[in-house]
Amino acid sequence: MSSKRFWEVFRFVLVGGGCFLLEYGLLYTLTEYAGLHYLWSSAIAFVVSLLVNYWLCVAVVFQGAGKQSFSQRFLFIGSSIAGLAINQACMWLLVDKAGLYYMVAKLITSAIVMVWNYILKRKAVTGTM
């Protein structure tokens, strides 16, 4: 791995970690204090975190990303919708079917979605793998 790619991955992990904390905190707050069902809280938290993550990826992670083409935006939106579907399916399976506490399920789900996000968001933001 080149030094440039190493630092890109480092920035991605740092930004992703911050967005994970935002999403995890929103999930808990919306579920426990706002009284929303965990799947609604999960979806809302995911979308908020996604928007912050996108902005930070363009501004900080993938330096020189510049303006995205229509196909890059389409890939970003499509991969985001798929990421939300993966998020919701994993949460439902882990909580309702496997019986895990929703906050533990979110940890596992986030690891799965993180791999998905890096691969497709990099392609969407930079146009390269």
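This is a predicted model: local features need pLDDT of at least 70, side-chain atom pairs count only at pLDDT 80 or more; totals for chains, interfaces and linings use all residues.
Numbering starts at 1 along each chain as its sequence is written, and local features need pLDDT of at least 70, side-chain atom pairs 80 or more, while totals for chains, interfaces and linings use all residues. Side-chain values use heavy atoms, without hydrogens and water.

Start by selecting L27, Y38, L39, A45, M91, L94, V95, Y102, M103 and A105: that's the largest nonpolar core, 10 residues in all. A core here is a set of buried Ala, Val, Leu, Ile, Met, Phe, Trp, Tyr and Cys residues joined through side-chain atoms within 4.5 Å; buried means under 20% relative accessible area (1.4 Å probe, protein chains only). Colour α2 (38-61), α3 (70-97) and α4 (102-126), the elements that each give two or more residues to this core. Helices are DSSP runs of H or I, at least four residues, numbered from the N terminus.

Now pick F12, V15, C19 and Y118. They are among the 7 residues of another core, apart from the largest one.

Last, show G16, F20, E23, M114 and N117, the closest to the centre of the largest pocket among its 17 lining residues. α1 (3-32) gives the largest share of that lining, 7 residues.

Terms used: Buried means under 20% relative accessible area, exposed over 50%, partly exposed in between (1.4 Å probe, protein chains only). On a 1 Å grid over the protein atoms alone, a cavity is a set of points where a 1.4 Å probe fits but cannot get out, and a pocket is an open set with protein on both sides within 12 Å along at least five of seven lines; lining residues have an atom within 4 Å of a point.
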